[in-house]
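The following report describes selected features of one protein model for computational work. The sequence and the structure are shown first, and the description follows.

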Amino acid sequence: MRPDRAPISFIVNGAPASVSVAPMRRLSSVLRDELGLTGTKVGCDAGDCGACTVLLGGEPVCACLTPAASVEGADIRTVEGLGDGQLSALQASFLAHGAAQCGICTPGMLVAATALIERTPRPGEQEVQDALGGVLCRCTGYRKIIDAVVAAHRFSQSLTGLPTIPPEGKGSTRQDFSLPPVGQAVGASPVRLDGVPKVTGTEMFGGDAFPADALSVLVVRSPHHRAAFSFGDLGAYVVDNAGVVAVFTAADVPGINRFGVIPPFADQPALAEGEVRFRGEAVALVACEGWAARELDLADFPVRWTELPAALGARQAQAEGAALVHAGRPGNLLVRGFVERGDPDAAMREASVVASGRLETSYVEHAYIEPEAGHAFVDVDTLTIVACTQAPHMDRDDTAAILGLAPEKVRIVPTATGGGFGSKIDISLQPLIGLVALKTGRPAALAYTRSESMSSTTKRHPASMQAIIAADTDGKVLGMVFDGEFNTGAYASFGPTVANRVPVHASGPYVTPNYRATSRAIHTNGPVSGAFRGFGVPQATLMQETLYDELADRLGIDRLRFRRQNMLRNGSETVTGQHLAEGVGIGECLARLEPRWTRALADADAFNAANADKKRGVGIASCWYGCGNTSLPNPSTIKLGLSPAGKVVLHQGAVDIGQGSNTVIAQIAADALGLPLSDFVLRSADTSITPDAGKTSASRQTFVSGNAAQKAACALRGKILRFANVSTEARLRLEGGVLAVWEGDIRRHIDLAKLEADGDGLVFTAEESYDPPTSPLDAKGQGKPYAVYGYGAQIAELEVDLGLGTVQLIKITAAHDVGKAINPLLAEGQIEGGIAQGIGMALMEEYIPGRTENLHDYLIPTIGDVPPIETILVEVPDPEGPFGAKGLGEHVLIPTAPAILNAIRHATGITVRKVPATPTRILAAIREGRDR
């Protein structure tokens with residue numbers, strides 16, 4: 001026995017356990033690494049996120065803060081022990097309420113809630129918030145978690161389970177809650193098909209299944225915003241540090257040491273070469289044994305830094321001309337976006353009323369609860385990378401180019417992804433662990449620390465915007481001019497996407513006959529800004545919607561009515577000249593909000609008449625959002641077929657990051673094929689077995705991959721019907737390995753086992769692709785950038801303490817046009833989760849490099865920060881969408897922050913010009929308003 005270890009014995013989930021570990025080893029590490037209980041998740045190692053919550057003597061504790069020595073003789077329960085071999089009532093309630101989305105925080109939530117229910121079997125909402133306040137969630141918006149805990153007493157622990165389509169290799173149990181019958185999957189809310197592993201702790205995320213013999217990879221990162229660097233004696237470092245196997249730098253990268261999501265702008269090195277351009281940039285890898293990784297101090301790594309002048313803000317970068325040169329683009333401008341229609345200058349001159357202003361936003365951190373993690377190994381002659389990701393095929397291609405391999409020699413196997421929101425599209429660790437595995441011949445594993453994740457990955461673009469909107473005396477908008485500068489950080493990432501998408505959307509879902517919008521993505525030495533739920537549209541909408549409120553007030557028109565006067569309708573043309581023939585749902589969203597608006601204003605008036613120190617405000621904001629890429633190809637391919645055993649095997653490469661694509665795409669395919677959801681088996685994203693469904697971003701999977709699934713299912717159905725020589729009216733049923741086909745008196749029974757199977761083991765197959773019909777934008781931004789738009793509007797009700805500047809949210813009402821709600825429960829969950837992120841953007845989230853690189857200093861909404869949410873699903877079908885469906889995930893975040901800012905203005909009479917609207921900024925604005 002090593003002298004630094006000690007034997008420690010305890011009870012885990014009713015069974016005795018004994019380990020020999022360092023006494024100060026984290027309990028979370030002991031449970032996961034020594035006992036294989038990976039249901040206890042690690043999100044921060046600092047007690048900030050609560051994902052690692054376990055019961056110690058019946059009381060919830062953070063396992064990451066609990067030393068192993070302190071549990072000698074103790075009784076510990078983890079998520080794996082909650083159901084006693086079956087689902088607990090609480091776990092069943094979580095599934096039924098859609099309380100698990102990505103699932104990374106779910107074990108911690110369940111464990112903390114179990115302790116509450118064992119004390120208080122029927123808790124109220126406030127008791128749930130108090131008990132779960134230490135566990136963070138970034139996906140759900142908490143409301144369905146609260147509902148699930150409050151309602152848990154209604155569920156019997158005798159349930160044998162809930163229905164699932166078992167993903168291959170995950171061994172989910174078949175369960176009792178019924179799946180929808182044939183032809184009724186679309187519009188139903190079955191329990192999510194990947195839900196059982198999420199609530200039992202068996203879901204495998206990026207850091208949950210490292211090979212026992214894997215080398216641990218540590219990353220040496222820059223502590224400076226900009227610096228030149230050189231290495232000392234790396235060979236001596238390896239020799240002098242026990243357990244260190246090798247060190248790798250950019251000189252060891254065998255391929256093109258550059259990656260990026262848009263090929264012309266691929267400019268970020270996997271490992272920096274001679275100079276770093278942002279704090280957290282990777283410069284070297286240390287491959288070592290697992291035990292050495294726990295003890296090694298990278299402060300001793302032989303690297304010399306020479307700090308260089310840096311510009312963190314876009315204005316500073318522009319003014320100082322910070323010397324960033326990217327692929328022949330001198331200076332700091334990465335790219336411009338531009339849309340112009342009509343004569344906006346004449347509209348401003350002729351207008352009766354104008355509203356103008358400036359607004360700034362901050363860096364926003366993704367703050368998913370799962371930091372980046374994965375492992376790599378060489379399987380015969382193929383490099384296999386198992387990691388969390390939103391874009392497996394893009395990862396494969398980028399990693400292959402960096403490592404000098406053919407794409408077919410790289411396989412990406414996505415794990416469950418514990419939150420994404422955009423940042424897990426950019427590859428970060430994949431080429432790093434791939435390089436170590438290739439060079440050493442051993443598996444290589446890497447899990448980012450929380451501070452490493454926050455310092456090195458992409459953020460929401462900070463924006464500095466100004467705009468002017470003009471109207472006539474009747475309240476008709478005549479024109480708008482918008483100008484926005486977006487800080488894209490040290491490298492391109494999705495800077496071009498943001499710059500191109502913003503001018504298309506900055507008008508909001510309103511008729512704007514005269515329009516000019518300009519955007520610029522500017523390089524700085526700040527963090528790389530990339531994709532983040534909305535691609536710049538949330539920032540632009542803040543500018544536009546706050547000015548709409550000011551314009552309505554100057555005209556003396558009710559703010560909701562003003563929006564209805566100017567909204568897009570069927571037959572309208574957008575600012576890019578796109579004719580919207582049908583499917584425009586913003587009018588229905590605003591109409592559904594009108595009675596709630598009237599009630600909220602009356603409540604605010606009554607409250608304000610009775611209170612002097614606090615004032616209540618009501619705000620409204622609308623949104624629209626184009627689904628998919630802007631005027632670029634955006635295809636998705638889906639494959640499905642019948643197995644000899646009588647199952648529909650769905651090769652579904654659209655990565656589910658919690659939004660529910662595994663379930664929604666299966667529902668679409670089921671109804672298009674004409675077989676029940678219970679007959680389906682899911683083969684999840686894996687570049688070796690699933691076609692390319694494109695990256696999970698831009699609210700495209702339901703629309704784009706859903707269309708591909710519908711086409712593939714229809715094609716498969718057609719093949720079967722032709723084989724059986726029946727018409728399209730025939731019905732199908734699987735009876736074990738026999739496919740029954742009948743039409744009137746005609747009966748056919750096809751023994752699937754007697755048919756020849758293809759390489760995937762399928763006897764009938766179909767593979768189809770779908771690419772949205774768009775057209776390029778011309779020099780003035782005119783064209784058809786998107787095939788389908790989604791629409792929404794939200795009301796925020798809140799109170800502002802005039803003395804403290806604090807904001808208390810009372811309620812948010814959200815009406816969103818989804819075209820067709822394929823799964824209403826999952827759609828509600830997306831809306832609630834997006835609203836929670838919008839609350840953070842509006843009121844608290846501000847990433848400051850070097851200062852907010854943990855979840856203690858960087859604030860995201862907790863369970864007590866999200867008020868009751870009333871969701872109104874509006875269904876205005878778009879003929880281009882599968883069963884009329886539109887995208888949803890990005891849209892729901894967009895109107896929240898402007899609705900909150902407009903409510904603050906309604907309550908106080910002041911406009912906050914920089915978000916987040918912290919108490920300090922609100923008080924400063926109130927004082928400035930009083931001085932004026």
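The charged end of R616 sits over the ring of F607, 4.7 Å from the ring centre. A second case is K424, whose charged end sits over the ring of Y368 at 4.2 Å from its centre. A charge is taken to sit over a ring if NZ of Lys or CZ of Arg is within 6 Å of the ring centre and within 35 degrees of the ring normal. The model is predicted: local features need pLDDT of at least 70, side-chain atom pairs count only at pLDDT 80 or more, and totals for chains, interfaces and linings use all residues. Residues are numbered from 1 along each chain as its sequence is written, and side-chain values use heavy atoms, with hydrogens and water left out.

**Aromatic pairs**

The structure holds 13 aromatic pairs. Rings of Phe, Tyr and Trp (its six-membered ring) pair if their centres lie within 6.5 Å; planes under 30 degrees apart count as stacked, over 60 as edge-to-face and the rest as tilted. Two of the pairs are set out below.

| Pair | Centre to centre | Angle between planes | Class |
|---|---|---|---|
| F229 and F231 | 5.5 Å | 65° | edge-to-face |
| F494 and F535 | 5.3 Å | 55° | tilted |

F494 lies in the loop between β21 (477-489) and α14 (495-505), and F535 in the loop between β22 (514-523) and α15 (537-555), so the pair ties together parts that are 41 residues apart in sequence. Helices (H or I, at least four residues) and strands (E, at least two) are DSSP runs, numbered from the N terminus. F494 is buried at 3% relative accessible area, and F535 is buried at 3%. Buried means under 20% relative accessible area, exposed over 50%, and partly exposed in between (1.4 Å probe, protein chains only). F229 counts as buried at 10%, whereas F231 is partly exposed at 22%. F229 and F231 also belong to one aromatic cluster, together with Y237, F301 and W305.

An open sheet of 4 strands has the order β23-β31-β32-β33, with mixed pairing. Its edge strands are β23 (614-626) and β33 (869-874), each of which pairs on one side only. On average, neighbouring strands of this sheet are turned by 15° against each other, direction ignored. Two strands pair if DSSP finds at least two bridges between them. Strand β32 (residues 807-817) runs parallel to β33, and 6 bridges join them. Within β32 and β33, I812 stands opposite I869.

Helix α17 (residues 586-610) lies across β23, β31 (789-801), β32 and β33, and runs at about 170° to β23. Helix α21 also packs on the sheet, touching β23, β31 and β32, and its direction makes about 150° with that of β23. Axes are lines fitted to C-alpha atoms, for helices over the stretch in contact, and angles run from 0 to 180 degrees between N-to-C directions.

N902 is found in helix α21 (residues 896-908). At 1% relative accessibility, N902 counts as buried. Neighbours within four places in sequence aside, N902 is in contact with E545, T546, D549, R559, R563, V618, G619 and I620. Contact means heavy atoms within 4.5 Å.

**Nonpolar cores**

In soluble globular proteins, nonpolar side chains tend to be buried together. A nonpolar core is a set of buried Ala, Val, Leu, Ile, Met, Phe, Trp, Tyr and Cys residues joined through side-chain atoms within 4.5 Å. The largest such core has 155 residues, and those with the most contacts inside it are F94, M109, L132, F482, I900 and I904. α15 gives the most to this core, with 9 residues. Beyond its neighbours within four places in sequence, I904 is in contact with residues including L798, V800, V807 and L843. Another core, of 45 residues, lies apart from the largest one; among its members are A669, L677, L734 and V741.

**An enclosed helix and a loop residue**

Helix α12 (residues 430-440) is largely enclosed by the rest of the structure, because 8 of its 11 residues are buried. Those buried residues are Q430, P431, L432, I433, G434, L435, V436 and A437. Just after α12, G441 takes a positive phi of about 75°.

P644 lies in the loop between β24 (636-642) and β25 (648-651). P644 is partly exposed, with a relative accessible area of 30%. Leaving out neighbours within four places in sequence, P644 is in contact with G737, L752, A753, G761 and V763. The C-alpha atoms of P644 and D613 are separated by 72 Å, although the two residues are 31 residues apart along the chain.
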